[in-house]
Amino acid sequence: MKKLYLYLLASALLSIVVLGWLIDTFNQQAFSPDDNFMWQRNITGGFIKQLERQPAKLRASFANTISQEFSLDVSYRDGQSLALPSELKDEMFTPQGLLLEDEIGFYLLKSSKNLMPDYVELRLTKPEQEQNSDVLLTLLFYSGVCTFMWFILSPLAKRLNVLTSKAKQFAAGDFSARIEPNHFTYIKDVELTFNGMASKIEKLMAENKLMASSLSHDIRTPVACMRFALDAAIDEPDNKKVNEILLRMEKDLDQMEDMLKSYLSFATLEQKSHLLNFETTQASHYLHDVSLQIQPKLQKAELSLLKELNAKFEITADLHWLARAITNLLSNACDFATKHIQISSYYDSQYIYIEIEDDGPGIAPENWHKVFSPFFQEENHRNRAGKSYGLGLAIVSKVVDWHHGKVSVSQSESLGGAKFTLQLPKKSN
């Protein structure tokens, strides 16, 4: 919007200066007072000659008489009260006299050596042609200003129409509607904000649609199991077996509860993005403390955690959510590693890198771009962890996106399994 303000200010100043100069030049060429008052100059010259023949005491009354008889606005003035520079006073003694202008119109001042320091003042009526030209020039001035403003504002109107059209298109259900970038726009920030908003809404709608379809698909299995178990419990006469069926049903209910809790937690995750609290801490100590959170799981799976943590840099992030992302990756590595997991960190001039590797089966290269999508699980990994619903890596992707970073997956060169790399800017905003 700053660009728009600057253009409006520049156009207003430019139009006033340029148009004012053009109109002033035209006005000077179109009207020359020296050419329009020749006969008044001649009359004043003759009047001065008549005054010179009159006694000094009678000159003022003679001037009044001439003014009344000839209907001229002429008067005899005392030169002592005339406040003019000497250069202008000298012009009164020329044949043309001194022509001046005030808010009423023009007036001619003439004198002679015999009348010094007194002078004659003849009030002149502004020619009709000039009055009409003033109105015309005023109209031309405002027309020119409007033309300048239209020239500046027409691109804004066009871009606002594009924005309105895309907004209506988006509201009608076309979530792919975006505003094409244009260099000749004053509202680039608004357009980029609209595109960002549209992308976020489109992503949320896609995730909600995927979550609804995944939930409806995944919940069928425990519901079907409970239906079969309930039918079996109704027909079973043995109370001991009925109790066993009820225990299985309880496990199915626990599974459903865990599933719904995970799905609802992911669905409300985006609402927490504006609550981030960025802090700065020493990176190696922070990563060491985060890795301690999965120590019980490491011991249970009899896995060793290798650490290569650079102690020479700090990390700025929402430490709670970043820890959530790292523990998700470490927990995921625990589910697939056989003996070793490794966490390492390093940095360059712009970014901080955190890598988590394992010696498990890894992820197929054709699925590297899919693993961060919600509810995605490789076929050979399904049901590896009893309470896995394909949301752990999706949460990691969201957290990294909140920090304006990137997350990627590849194959570990040292351990042979999967390697997840978090790339975060040194100063997150």
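These questions and answers walk through a predicted model of one protein chain.

Reader: How many helices and strands does the protein chain have?
Author: This is a predicted model, where local features need pLDDT of at least 70, side-chain atom pairs count only at pLDDT 80 or more, and totals for chains, interfaces and linings use all residues. Residues are numbered from 1 along each chain as its sequence is written, and side-chain values use heavy atoms, with hydrogens and water left out. Helices (H or I, at least four residues) and strands (E, at least two) are DSSP runs, numbered from the N terminus. The secondary structure comes to 13 helices and 11 strands.

Reader: Is serine 344 buried or exposed?
Author: Serine 344 lies in strand S8, residues 340-347. Buried means under 20% relative accessible area, exposed over 50%, partly exposed in between (1.4 Å probe, protein chains only). At 6% relative accessibility, serine 344 counts as buried.

Reader: Which residues does serine 344 touch, not counting residues up to four places away in sequence?
Author: Contact means heavy atoms within 4.5 Å. With residues up to four places away left out, serine 344 touches Glu308, Leu309, Tyr353, Ile354, Glu355 and Glu357.

Reader: How many nonpolar, polar and charged residues are in the contact of H12 with H13?
Author: Trp321, Leu322, Arg324, Ala325, Asn328 and Leu329 in H12 meet Gly392, Leu393, Ile395, Val396, Val399 and Trp402 in H13. Ala, Val, Leu, Ile, Met, Phe, Trp, Tyr, Cys and Pro count as nonpolar, Asp, Glu, Lys and Arg as charged, and the others, Gly among them, as polar. The count is 9 nonpolar, 2 polar and 1 charged.
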